[in-house]
Amino acid sequence: MNGAGNDFVILDLRLYSDISAKDCLTLSDRHTGIGCDMILGILSPRDPRATVAFRIWCADGSISMQCGNGARCIAGWALREGLACSPEFMIESPSGLHSVQVLPCGNICVSMGCPDFSPASLPMQGYPAEKDIYETDLSNGNKVQFSALSVGNPHAVILVEDVARADVYATGTALQHSACLPEQVNVGFAQILSRTAIKLRVFEFGAGETLACGSGACAAAAALIKQGLLDREVSVYLPGGEISISWESNNSAIYMAGPAEYSFKGSIPYAALQ
């Protein structure tokens with residue numbers, strides 16, 4: 001499946017054990033495997049309010065706690081497989097419960113929780129107090145200013161004049177290896193078009209630049225809304241398509257809406273992944 005071009009291999013693991021990092025590398029390889037940005041594993045929910053639960057692996061086998069486009073695809077999978085029988089239900093990600101609503105246009109809206117701007121939420125080192133803008137020296141000798149927050153997974157957001165000219169790979173890689181961010185972080189490059197629209201490119205940990213990142217869209221919109229640069233409802237234009245973000249107040253959940261589409265379905269012997 002894919003959400004605005006951010007593509008996933010979804011495995012039904014309800015009767016199986018977890019997959020390994022080697023399995024992730026095998027599945028995600030675009031030449032010798034299926035090919036994807038991330039792998040999502042369907043699990044039986046622990047919380048009785050949830051219709052379905054899922055785990056998230058990056059293409060390199062590392063674990064992620066959140067994936068916005070993946071959450072929409074899991075919701076779409078649950079509808080297609082008949083697990084969800086109404087346009088409103090709940091799903092369970094590694095970071096918690098998410099309400100789902102199927103919109104009249106067919107897009108899926110997911111609640112992503114309240115963004116957390118505390119440095120400890122990423123975590124960050126060297127910044128005991130929360131700021132709207134942080135500055136750090138990169139290993140390539142450059143300085144970079146960025147916002148930082150968690151939307152279930154960690155994000156840094158860099159405001160740029162033109163996303164087409166942003167050095168996404170070099171700056172994203174350098175910031176991901178910065179001493180102030182000891183654990184992995186997704187790095188978004190945002191260009192403001194108006195008070196209700198931005199362009200965004202995201203360099204994800206474990207995958208590199210992807211065509212879209214739902215949690216990254218939430219993070220970029222929230223960071224810029226909090227600074228007073230955007231209105232509360234924002235269209236985020238990524239290389240793979242558009243995602244709509246709505247954030248009523250700084251203390252409320254942020255909502256993300258966008259497409260969730262099937263690419264193809266198949267089967268693979270479980271023994272082949274062992």
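**Entry 1: ground rules**

I'm working with a predicted model, where local features need pLDDT of at least 70 and side-chain atom pairs count only at pLDDT 80 or more, while totals for chains, interfaces and linings use all residues. Residues are numbered from 1 along each chain as its sequence is written, and side-chain values use heavy atoms, with hydrogens and water left out.

**Entry 2: a helix**

I began with what helix H3 packs against. Its buried residues pack against strands S9 (134-137), S10 (143-150), S11 (154-159), S12 (186-194), S13 (197-204) and S14 (208-210). Contact here means heavy atoms within 4.5 Å. Helices (H or I, at least four residues) and strands (E, at least two) are DSSP runs, numbered from the N terminus.

Which residues of H3 are buried? I noted Val168, Thr171, Gly172, Ala174, Leu175 and Gln176, in a helix that covers residues 168-176. Buried means under 20% relative accessible area, exposed means over 50%, and partly exposed is in between (1.4 Å probe, protein chains only).

Next I followed S4, where 6 of its 7 residues are buried. Two strands pair if DSSP finds at least two bridges between them.

- S3 and S4 are antiparallel, with 6 bridges, and glycine 41 sits opposite arginine 55 in S4.
- S4 and S6 run parallel, joined by 2 bridges, and alanine 53 faces glutamate 92 in S6.
- S4 and S5 (residues 63-64) are antiparallel over 2 bridges, with isoleucine 56 opposite serine 64 in S5.

S4 and S5 also make a hairpin with 4 residues between them, and glycine 61 in the turn has a positive phi of about 95°.

**Entry 3: salt bridges**

Side chains of opposite charge can pair when their charged atoms come close. I counted a salt bridge when a side-chain nitrogen of Lys or Arg is within 4 Å of a carboxyl oxygen of Asp or Glu. By this rule I get 12 salt bridges.

Glutamate 92 turned up again here: its side chain meets that of arginine 46 in a salt bridge (3.2 Å, N to O). Arginine 46 lies in the loop between S3 (38-43) and S4 (52-58) and glutamate 92 in S6 (residues 88-93), so the pair ties together parts 46 residues apart in sequence. Arginine 46 is exposed at 64% relative accessibility, whereas glutamate 92 is buried at 7%.

I then checked aspartate 132 and lysine 226, whose closest N and O atoms are 2.7 Å apart in a salt bridge. Aspartate 132 lies in the loop between S8 (108-111) and S9, and lysine 226 in helix H4 (residues 214-226), so this pair ties together parts 94 residues apart in sequence. Both ends are partly exposed: aspartate 132 at 35% and lysine 226 at 24%.
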